[in-house]
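I opened my notebook to record, entry by entry, what I looked up in this model.

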Amino acid sequence: MKRIALAVIAALVSAPALAGVVVKDAWIRATVPHQKTTGAFMQIVSDRDARLVGARCPLAGTVELHEMTMTDNMMRMRAVDGIDLPAGRTVTLKPGGFHVMLFDLRRPIHAGDTVPLSIVVEMPDKSRETIEVEAHAVPLGASHAHGMHDH
Amino acid sequence: MNRRSWLACCAGLTLTLALAGCNPDAPHFNSVDVTGADFGKDFHLTDPDGNPRSLADFRGKVVMLFFGFTQCPDVCPTTLARAVRIRKLLGSEGDRLQVLFVTVDPERDTPEILREYTHAFDPSFIGLYGDAAATKKAADEFRVFYRKVPTGSSYTMDHTAMSYVIDPQGRLRLAVRHEERAQDVAEDIRTLLKTSS
């Protein structure tokens, strides 16, 4: 019994519980007045197999995780319930793939704004971590935003 | 575009290429050459100032036409940002390119939003809208598909992500895929400006 307790304590001490997920280069597209939606993009790396399962933003009524796909020149967007974050691999949310979709914006987002986002990551043991992210707003017409490739 | 209409489009393209093969002067394009297509002849829509607009209004210019919606986070801004670059790459000829953005979501895209949106990219770009029937008619004429898809408390739109290029005589000439590079499209437009005077 004592040995098990010690093992549990050792696991708690050694597990890098809150340093496991790193988000960088988060950006969001600025909007024009009355435009109620926009997308946010970022790079995420987790040191353990994990799964991005949600996001929140104080400026948005609803936030969903979306995937964009292109088939026969037809663009489709669908909500997904999660995005896998394989251990050690950088997962990039970018145009043409996954994005964080913000609905019902409470105010327009101006280029240069810093927009707070919280992303929720589920660990293999089903525990959830919330990571605070600051997304940099780029102009609507910017063609060379972070992580965007030149078409 | 669904597979069947894409195949029909390709069949038309093959015929066009066969015909072009007889003409050594036929220009080469990076985009898909749809010259002679039996669709995409005209549209009847409204600009944000309330003026009725059709293709004939833009004779003398190359028109780049794209169907999308302003609440679109990905493909639409990417396509319009490319159009900005294309216009810049054309330099002094940039004024002979008219970019038109037709909303497939007239329910949410009011004239005010359309104006703000296209102007955020380039003040020369024009947003166009119609009621549900006029939108459907214009999209059908250009073989553009769109569909409302509910998501959570809101909805998004599936839609064809191709742009069309119409020459200064008002004839549909090119279908530009989403992946096409700005430089290649600018080159195509220069060719059109040179060869269709």
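Entry 1, strands across the two chains. I looked up β5(A) and found two bridges joining β5(A) to strand β8 (residues 154–160) of chain B, the two running antiparallel. I noted that strands (E, at least two residues) and helices (H or I, at least four) are DSSP runs numbered from the N terminus, and that two strands pair if DSSP finds at least two bridges between them. Within this pairing, Met74(A) stands opposite Thr160(B) in β8(B). As background, strands of a sheet pair through backbone hydrogen bonds, either parallel or antiparallel.

Before going on, I wrote down that this is a predicted model, in which local features need pLDDT of at least 70 and side-chain atom pairs count only at pLDDT 80 or more, while totals for chains, interfaces and linings use all residues. Residues are numbered from 1 along each chain as its sequence is written, and chains are lettered from A and ligands numbered from 1 in the order in which they are written.

Entry 2, the interface. How many residues of each chain are in contact with the other chain? I found 30 residues of chain A in contact with 38 residues of chain B, where a contact has C-beta atoms, placed from the backbone, within 7 Å. On the side of chain A that touches chain B, the elements giving two or more residues are β2 (38–46), β4 (60–71), β5 (74–79) and β8 (98–105) of chain A. The largest share, five residues, comes from β5(A). By class, this side of chain A has 13 nonpolar, twelve polar and five charged residues; Ala, Val, Leu, Ile, Met, Phe, Trp, Tyr, Cys and Pro count as nonpolar, Asp, Glu, Lys and Arg as charged, and the others, Gly among them, as polar.

Is Ile44(A) buried or exposed? Ile44(A), which has its place in strand β2 of chain A, counts as buried because it has 24 C-beta neighbours inside 10 Å; buried asks for 20 or more other C-beta atoms within 10 Å of a residue's own, all placed from the backbone. Leaving aside its neighbours within four places in sequence, Ile44(A) is in contact with Val21(A), Val23(A), Leu52(A), Leu85(A) and Val91(A).

Chain B has five helices and ten strands, and buried residues make up 43% of its 197 residues. Six of the strands form an open sheet with mixed pairing, in the order β1-β10-β9-β4-β5-β6 (chain B). Its edge strands, β1 (32–33) and β6 (126–128) of chain B, each pair on one side only. Four bridges join strand β4 (residues 62–68) to strand β9 (residues 163–166) of chain B, which run antiparallel, and the bridge partner of Leu65(B) in β9(B) is Tyr164(B).

Between α2(B) and α5(B), the residues Arg82(B), Arg85(B), Ile86(B) and Leu89(B) in α2(B) meet Ala182(B), Gln183(B), Val185(B), Ala186(B) and Ile189(B) in α5(B). The residues of this contact divide into six nonpolar, one polar and two charged.

Note on methods:
Buried ≥ 20, exposed ≤ 12 C-beta atoms within 10 Å, placed from the backbone.
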